[in-house]
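Subject: Structure for your review

Dear colleague,

Please find below the structure that I am handing over to you, together with its sequence. My notes on what was found in it follow directly after.

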Amino acid sequence: MQILPIRPYATTFGYNKEANEQLNSKLETTRNNKKIASVYLEANKFCMKTEDYLRECERKGDTKTVNALTDFFVSMKTALADAVDNTFPKLNYGMKEYNSYKIEADERLKKSPDDIDNWVVYLSDALEPFDEDDEEDFEISSKPADNNTPPASPKSKAPDVSKLVELYSPNRWSPIGLESLGGMDELKKEVIDKIIFPIRNPEIAKIDEVEYGKRYPRGLLFYGPPGCGKTYTVEALSQELKLPLIKLKVGKAGSAFINQTSINYENAFDYAANMAKENNAPVLFFIDEMDGLTQNRNKEATSEDLKQIGTLLNLIETARDRGIIVIGATNKYDIVDEAIKARFDSQIYVGLPDEKSRAEILKVSLKSRTKGIPLAESPEKLQSIASITKGFPNRALCILTDKAALLARSDGRREIRVEDYINVVADNQNLKVKESNYQSKTSVPAIGFRK
């Protein structure tokens, strides 16, 4: 990807050289769009400065700032690309930008397959256009409106539901059930009681409903620091119950067109309901990054924002009767709309693992490697590693195992040792998470994994 410098009085747009040159030429010759061009250019300069800052923070290992700015930057950059495409569709600007970021995203994933939350990967996915056969059709009436007909507004054809949801398909690295979760005993207990038991014992669950009013929940909301196992737990639950898991593509569900976001939500839930009906069994419907869909309503919220949240409220409210169990996850619990939170019968805090849980997580991650089995079967050595990894979330512990394994391989292809972990822990302190940044400021966490 070519990064172009920002120079006073010089027209620069985008990080893709070809797209930049074509758009500059278009802006210079389009007199009727001078004001639009000015806004686009200023917005892009801000995008470029933000991206440069993100890359600088990455080089310094400032993951906290990168995580804080990622959602903001990706949304801003994606909206800008969409706006340019709508104004100058023949330039195919969005596709050129997507191709540039896609190359870098693929390279990053090739080097670090677990780095799926990286901002470049996230941006590449957000910029990915619909296939030509499924792209939105825009219909704008060319007839003048009469006194009885309201002015025509852009209407979009609902995209193929496959663009909105992803049916989870496990691979060799995926969890095989709750046994794949190292430690996390309290979380397992909660999930078994609220979800697994009523599904596996429908007769007893029915008696519980009649005698005690206990029903399996409309949904669960997991919240807590990133990398602590929220998504992994949902995947493990799907495998444990042998139930389909449908993941909502949050970046694709949103739309700039009136009513389209609400329609997308409805289409996604209809897809899940139809699958539940066909299988005659519940389906799990997972919404990650709930804060991106349901931020608190305030004075600045538009009528469209309120409509989208209202639609989601109704869909979650009626999900259980349609055979859908909704599971949400968020790193930013406090900004999720209060009414949305109330629709989840259980709100479960998934915090950093304590020492016992860290030892279990390390054991699970080592057992998948033959050179790690001896270490995995030594409780004393696992405990010594767990004692020096305080503050590391589940995902980071697995990354430490990856790096320790690489050290062992490069040193004569020997077995993985405690010393390898000591070295990688010292070199990867940036992977630690400050838990207080993600705890609810308004309530006591229901579940945590601290001592």
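K247 stands opposite F286 in β6. Strands β5 (residues 245–248) and β6 (residues 283–287) are paired in the parallel sense, with 3 bridges between them. Please note that the model is a predicted one, and that every value in this message was computed from it.

The sheet

Both of these strands belong to an open sheet of 6 strands, in the order β3-β5-β6-β7-β4-β8, and its pairing is mixed. The edges are formed by β3 (165–167) and β8 (346–349); each has a single partner strand, so one side of each lacks a neighbour in the sheet. On average, and ignoring direction, neighbouring strands are turned by 20 degrees against each other.

Strand β4

How many residues of strand β4 (residues 219–223) are buried? The count is 5 of the 5, so β4 is largely enclosed by the rest of the structure. In a regular strand, side chains alternate between the two faces of the sheet. In β4 both faces are covered: G219, L221 and Y223 lie on one side, L220 and F222 lie on the other, and all of them are buried.

Two strands pair with β4. With strand β7 (residues 324–330) it runs parallel, and 5 bridges join the two; here Y223 stands opposite T330. With β8 the pairing is likewise in the parallel sense, over 4 bridges, and F222 has I348 of β8 as its bridge partner.

E166 is found in strand β3. Which residues does E166 contact, once its neighbours within four places in sequence are left aside? They are L245, I246, K247 and K249. In the case of I246, the separation from E166 is 80 residues in sequence, while the C-alpha to C-alpha distance is 5.7 Å.

Helix packing

Two packed helices are described by the angle between their axes and by the distance between those axes. Two pairs are reported here.

For helix α6 (residues 185–200) and helix α8 (residues 230–241), the axes come within 11 Å and cross at roughly 35 degrees. The crossing of α6 and α8 is right-handed. On the α6 side the contact is made by L187, V191, I195, I196, I199 and R200, and on the α8 side by T233, L237, E240 and L241. These contact residues comprise 7 nonpolar, 1 polar and 2 charged.

For helix α17 (residues 394–410) and helix α18 (residues 418–427), the packing angle is about 120 degrees and the axes are 9 Å apart. α17 and α18 are therefore oblique to each other. The crossing in which α17 passes α18 is right-handed. From α17, the residues L400, T401, K403, A404, L407 and A408 meet D420, Y421, N423, V424 and V425 of α18. By class, the residues of the contact of α17 with α18 are 7 nonpolar, 2 polar and 2 charged.

Is N280 buried or exposed? At 71% relative accessibility, N280 counts as exposed. With a relative accessible area of 31%, E289 is partly exposed.

The chain as a whole

The chain contains 18 helices and 8 strands. Of its 451 residues, 46% are buried. Among the contacts with a separation of 6 or more, 76% are between residues 24 or more positions apart.

With kind regards

Notes
Residues are numbered from 1 along each chain as its sequence is written. This is a predicted model: local features need pLDDT of at least 70, side-chain atom pairs count only at pLDDT 80 or more; totals for chains, interfaces and linings use all residues. Side-chain values use heavy atoms; hydrogens and water are left out. Axes are lines fitted to C-alpha atoms, for helices over the stretch in contact, and angles run from 0 to 180 degrees between N-to-C directions. Angles under 35 degrees count as roughly parallel, over 145 as roughly antiparallel, 65 to 115 as roughly perpendicular and the rest as oblique. A crossing is left-handed if the near helix is turned anticlockwise from the far one by less than a right angle, and right-handed if clockwise. Contact means heavy atoms within 4.5 Å. Ala, Val, Leu, Ile, Met, Phe, Trp, Tyr, Cys and Pro count as nonpolar, Asp, Glu, Lys and Arg as charged, and the others, Gly among them, as polar. Two strands pair if DSSP finds at least two bridges between them. Buried means under 20% relative accessible area, exposed over 50%, partly exposed in between (1.4 Å probe, protein chains only).
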